[in-house]
Amino acid sequence: MKKIYLMVFAALAAAACGNNGGKQAETAPQQPAGIPANRVTATTVNLRTVPQTETYSSTVQAFAVNNIAPQSSNRITRINVDVGSFVGQGQVLAEMDKTQLTQQKLQLGNAGTELGRLRQLYEQGGLSQSDFEAAELQYNVAKAVCDNLEKNTVLRSPISGVVTARNYDVGDMYGMGQPIFTVQQITPVKLLVGVSETDYTKVKVGQEVSLTADALPGQSFTGKVRKIYPTMDAATHTFTVECLVQNSDRALRPGMYCKVTLNFGDNLSIVVPDEAVVKQLGAGQRYVYIIQEDGTVKGSPVTLGKHFGTSYEILSGVEDGQRIAVSGASALKDGAKVEIVER
């Protein structure tokens, strides 16, 4: 068997020599086919002024809310305003039954007459100082009771605003339940905005804000930061900023949903198209590909800032004047050849 194998091997070797014509076989390696360049668009990045703005959601609130009601139960004899009425400070909104007030005014008048008589006696030496002071105290108490009854019989608005609720009619007995009226001051209005704790040092009292309301498309409003709450919400890691909007035309109404924009100043930063920023698979790192002089690209990790429109602010990783790949960047790798095409 071994002999047969040797004969077969010799025959195959002879055949191979015959096919080569007795010449030595060529041994030079073949050149690999060229890899085509990646077609990309490119841009040269520059420093630009980037406003550091943040937009937050909030709801319009009245600057002040007053519930109008008497101090004790009484019958309503007159109502002067209704829901939606704009009222001024001190305007009479309703009147209660005046029986108690009338009685108290009569008692006050008698106390005043008696005090006048006793004052003459005291000045003439016919009355002791203690007796005069007791009479004077009695008059002052009667006057205070009368003033308090008048405030709770003739109900006036303590603020200028709009009536947003009326819960009783003429002839009803007010029973210490719901207020007769609710008046809200809407010039100005306020908004409470929850701002990230990372921006705590950037917000200042008096800082200007802008806002838009979904219910008023095409309109924008300006206001100012009025108050900064001193504590953080441990659950949301935010703090509350109170913004004041004058709302002189009364366009904004309590309950409206708004978007409030705060401007924390400007940065001079590199700006790149968002299409040029590539996210590394399986990680949170972002890259841009910088075009080298030899026509290849090199990935550079970047730190992103603001995203606005179709651009990103770059805080680090790219320098002013460098040329980067834009469209087609997601298909690139370090060292890849690129062919720049026009947009």
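**Figure 1. Salt bridge between Arg39 and Glu339 in the predicted model.** The closest N and O atoms of Arg39 and Glu339 are 3.3 Å apart. Arg39 belongs to strand E1 (residues 38-40) and Glu339 to strand E20 (residues 338-340), so this pair ties together parts that are 300 residues apart in sequence. Arg39 counts as exposed, at 56% relative accessibility. Glu339 has a relative accessible area of 37% and is partly exposed. A search of the whole structure gives 11 salt bridges.

**Figure 2. Salt bridge between the side chains of Arg78 and Glu95.** The N to O distance is 3.9 Å. Arg78 is in strand E4 (residues 74-79) and Glu95 in strand E6 (residues 92-96), so the contact ties together parts that are 17 residues apart in sequence. Glu95 counts as buried because its relative accessibility, 15%, falls under 20%. Arg78, with a relative accessible area of 46%, is partly exposed. Lys98 is linked with Arg78 and Glu95 in a network of salt bridges.

**Figure 3. Salt bridge between Arg166 and Asp82.** The closest N and O atoms of this pair are 3.8 Å apart. Arg166 lies in strand E8 (residues 161-166), while Asp82 is in the loop between E4 and strand E5 (86-87); the pair therefore ties together parts that are 84 residues apart in sequence. Arg166 is partly exposed, with a relative accessible area of 29%. Asp82 also counts as partly exposed, at 39% relative accessibility.

Technical notes: Residues are numbered from 1 along each chain as its sequence is written. This is a predicted model: local features need pLDDT of at least 70, side-chain atom pairs count only at pLDDT 80 or more; totals for chains, interfaces and linings use all residues. Side-chain values use heavy atoms; hydrogens and water are left out. A salt bridge is a side-chain nitrogen of Lys or Arg within 4 Å of a carboxyl oxygen of Asp or Glu. Helices (H or I, at least four residues) and strands (E, at least two) are DSSP runs, numbered from the N terminus. Buried means under 20% relative accessible area, exposed over 50%, partly exposed in between (1.4 Å probe, protein chains only).
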